[in-house]
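Me: I am new to this structure. Please pick a single part and take a close look at it. Then show me how the rest connects to it.

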Amino acid sequence: MTKTVGIGLMSGTSLDGIDAVLVEIDGMDENVVVRMIDSITRSYSKEIREELLQLCDPSSANLQKICSANMFLGKEFGSVVNELLEKANLVKEDVHFISSHGQTIYHQPFNGENQVDVASTLQIGDLSTLSESTGIAVVGDFRTADMAAGGQGAPLVSFVDYLLFNNPNSSRAIQNIGGIGNVTYVPKNSPSDVTQSFDTGPGNMVIDEIVFRVTDGERHYDKDGEMAYQGQIHQDLLTKLISHEYFQIEPPKTTGRELFGKQFVDDIFNEYNQLSPVDLVATVTEWTAVSIAHSYKQFLVDKGYEINEVIVGGGGSYNPFLIERLKHHLPEMTIYTHEHFHISSDLKEAMAFAVLGYQCILGKYNQIPSATGAQKQVIMGKIAYTQPDALKRIDDLRSVLQ
Ligand SMILES: Nc1ncnc2c1ncn2[C@@H]1O[C@H](COP(=O)(O)OP(=O)(O)OP(=O)(O)O)[C@@H](O)[C@H]1O
Ligand SMILES: CC(=O)N[C@H]1[C@@H]2OC[C@@H](O2)[C@@H](O)[C@@H]1O[C@H](C)C(=O)O
């Protein structure tokens, strides 16, 4: 093997499925270059999605099921990797490492009430199981290291956003619209320690849950914004949604299903049960666009941080209604999707995790404290292998590159 070959795995908060990308990587730190060779996406079946959704909610989660799902997902991730290798005509000996985000089932960025209830995060999908089922060394469980250094454990892709989008002439907001929305602000011509990052609020999470309920489980997202286009935005509901306390919190900040999950949608249905399904979908989609635009204004532009370009990624970038509304609310900025930069909006996070895992193996920092609120730089990730040849391939990589 002459080039470094890695696999990035992402299973995000939308719980739509597993993205796997095969990449070639050269250089490191600010000189890292990543090129996608192949990819696959495996959607979670309706049953698996429902099971995982239950584990994300403390009122329905069950300890035995969390324990089992951790091993189940390790195997499932392994089977996705093996399918990708087959598709690309490669064998395990051709790959140095896998880097896996894991499935977040709970994320608590702040300490709770008693001394045990500390800030914490849990991504499942056992690393040893994944390594054993593929024969390849695995890096995973990134978020805890950032939290151990006082960070919020997210957003982590900010490190890679900085490397990919830092530009001498343009200040950029790199906006992910997955289950949750998050932004990385990369001011023009700046070192990485001025990069800021935070979760802007809901991405598709609330839209998806509403679509699932109003279609009796037939659909789990608003494909191409079809429902939203047929609806009217309901001002009263929109005003209520925008007044959510999350939007007043100063960055760095992160959120998730704990705030914008089933309970949140229950409350909307209880109070606005007279609204038509399409009006509900139009209104929560508008809310996602408004929450992004307001966050930029409140936490960046009003503080003197100019934004010239917005580069949107994640599944929400395929919702034309959402993108139209974002353009409407941000008329002074040029809005692109990642495709404009020859990067797949869908697969960018999986690619980003491949880079984070690569840096970890090389003993290089892979996090930006100003983006997560950590007190210092750390190397995020844990490495697992179950066979000597898997270890040998990461040792070879280190001896060539370090
Ligand atoms: N054609 C489309 N039209 C509308 N929405 C779409 C389309 N394709 C994808 N989406 C939305 O994108 C979501 C998936 O986005 P993505 O895969 O970026 O999320 P994720 O990685 O799970 O989340 P996160 O980044 O929060 O961890 C789907 O659940 C759906 O709501
Ligand atoms: C705890 C957790 O899984 N957070 C996710 C989630 O999904 C989007 C947003 O909230 C972001 O903060 C983060 O993921 C991306 C990959 C990140 O860390 O950059």
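**A close look at one part**

Reply: Helix 6 is mostly covered: of its ten residues, seven are buried. Buried means 20 or more other C-beta atoms within 10 Å of the residue's own, exposed means 12 or fewer, and partly exposed is in between, with C-beta atoms placed from the backbone. Helices (H or I, at least four residues) and strands (E, at least two) are DSSP runs, numbered from the N terminus. The model is predicted: local features need pLDDT of at least 70, side-chain atom pairs count only at pLDDT 80 or more, and totals for chains, interfaces and linings use all residues. Residues are numbered from 1 along each chain as its sequence is written, while chains are lettered from A and ligands numbered from 1 in the order in which they are written.

Which residues of helix 6 are buried? They are Met-205, Val-206, Ile-207, Asp-208, Glu-209, Ile-210 and Val-211. These buried residues pack against two strands, strand 8 and strand 9 (196-202). They also pack against helix 7 (226-230), helix 9 (257-260), helix 10 (262-271) and helix 11. Contact here means C-beta atoms, placed from the backbone, within 7 Å of each other.

Take helix 11 next. Two packed helices are described by the angle between their axes and the distance between the axes. Helix 6 spans residues 205-214 and helix 11 spans residues 277-299. They pack at an angle of about 170°, and their axes are 9 Å apart. That makes helix 6 roughly antiparallel to helix 11. Axes are lines fitted to C-alpha atoms, for helices over the stretch in contact, and angles run from 0 to 180 degrees between N-to-C directions. Under 35 degrees is roughly parallel, over 145 roughly antiparallel, 65 to 115 roughly perpendicular, and the rest oblique.

Which residues meet in this pair? Helix 6 brings Val-206, Ile-207, Ile-210, Val-211 and Val-214. Helix 11 brings Pro-277, Leu-280, Val-281, Val-284, Thr-285 and Thr-288. By class, the contact has nine nonpolar, two polar and no charged residues. Nonpolar covers Ala, Val, Leu, Ile, Met, Phe, Trp, Tyr, Cys and Pro; charged covers Asp, Glu, Lys and Arg; the others, Gly among them, are polar.

Val-206, Ile-207, Ile-210 and Val-211 are also among the buried residues of helix 6. Just after the helix, Asp-216 takes a positive phi of about 50°.

Ser-14 touches Met-205 and Asp-208, among others. Both of those are buried residues of helix 6. Ser-14 also touches Gly-178, Gly-179, Asn-204 and Gly-315, not counting residues up to four places away in sequence. Ser-14 lies in the loop between strand 1 and strand 2. Is Ser-14 buried or exposed? Ser-14 counts as buried because it has 23 C-beta neighbours inside 10 Å.

Gly-12 is in the loop between strand 1 (4-11) and strand 2 (17-26). Gly-12 is buried, with 22 other C-beta atoms within 10 Å. Leaving aside neighbours within four places in sequence, Gly-12 is in contact with Gly-178, Gly-179 and Glu-349. UniProt's unreviewed entry places a "binding site" feature at Gly-12, Thr-13, Ser-14, Leu-15, Asp-16, Gly-17, Ile-18 and Asp-19. UniProt positions follow the numbering used here, feature names are shortened, and annotations may be inferred rather than shown by experiment.

Strand 8 leads on to a ligand. Strand 8 (180-186) and strand 4 (97-108) are the elements that give two or more residues to the shell around ligand 2. In total, 18 residues surround ligand 2. The closest are Thr-104, Ala-154, Pro-155, Val-157 and Ile-180. Near means a C-beta atom, placed from the backbone, within 6 Å. By class, the shell has five nonpolar, eleven polar and two charged residues.

From Ala-154 to Pro-155, the peptide bond is cis, with omega near -15°. Pro-155 is in the loop between helix 4 (143-148) and helix 5 (158-165).

Pro-252 is in the loop between helix 8 (235-242) and helix 9. A cis peptide bond joins Pro-251 to Pro-252, and its omega is about 0°.
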